[in-house]
Amino acid sequence: MKFLLLLAFFLMLFFYYKIYKKRKLNRKEKIRITEMVKDEVCGVYLPKEEALKVEIEDKVYYFCSQECKDAFLKGRSERA
Ligand SMILES: [Zn+2]
């Protein structure tokens with residue numbers, strides 16, 4: 001009976017370890033997925049999901065703030 005309890009204990013430890021390992025892996029994947037993009041105006045790099053996005057002629061531009069976005073759009077319209 002004691003042996004069975006010990007076995008159950010080790011099985012539990014084993015499964016906890018497996019779950020722990022899996023979680024650690026998921027966290028690593030998340031870090032890898034976080035893509036950095038460049039602000040076309042001030043040249044700053046920031047995570048893609050935090051950047052402001054503008055799509056012009058099938059090209060996507062990223063900006064750190066509304067000011068940079070406005071400056072870019074203004075610069076484009078002045079050039080055109
Ligand atoms: Zn910027």
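This is a predicted model: local features need pLDDT of at least 70, side-chain atom pairs count only at pLDDT 80 or more; totals for chains, interfaces and linings use all residues.
1. Start with the metal. The zinc ion is held by four protein donors: Asp-39 through OD, and Cys-42, Cys-64 and Cys-68 through SG. These donors lie 2.0 to 2.3 Å from the zinc ion.

2. Next, look at the geometry. The angles among the four donor atoms run from 93 to 119°, and the site is tetrahedral. Since four donors count as tetrahedral if all angles lie between 85 and 135 degrees, you can check that call yourself.

3. Now trace the donors along the chain, where their spacing reads D-x2-C-x21-C-x3-C. Cys-42 sits in the loop between strand E1 (36-38) and strand E2 (45-47), while Cys-64 sits in the loop between strand E4 (59-63) and helix H2 (66-79), so this pair ties together parts that are 22 residues apart in sequence.

4. On to the rings. The count of aromatic pairs comes to four. One of them is Phe-14 with Phe-15, an edge-to-face pair with 5.8 Å from centre to centre and 65° between the planes. Phe-14 is partly exposed at 46% relative accessibility, and Phe-15 is partly exposed at 47%.

5. Then compare Phe-63 and Phe-72. Their ring centres are 5.0 Å apart and their planes meet at 45°, so the pair is tilted. Both residues are buried, and together with Tyr-61 they form one aromatic cluster.

Definitions and conventions:
Residues are numbered from 1 along each chain as its sequence is written. Side-chain values use heavy atoms; hydrogens and water are left out. Donors are N, O and S atoms within 2.8 Å of the metal (3.2 Å for Na, K and Ca); water is not among the atoms, so sites may look incomplete. Four donors count as tetrahedral if all angles lie between 85 and 135 degrees; four count as square planar and six as octahedral if opposite donors are over 155 degrees apart and all others between 65 and 115; anything else is irregular. Helices (H or I, at least four residues) and strands (E, at least two) are DSSP runs, numbered from the N terminus. Rings of Phe, Tyr and Trp (its six-membered ring) pair if their centres lie within 6.5 Å; planes under 30 degrees apart count as stacked, over 60 as edge-to-face and the rest as tilted. Buried means under 20% relative accessible area, exposed over 50%, partly exposed in between (1.4 Å probe, protein chains only).
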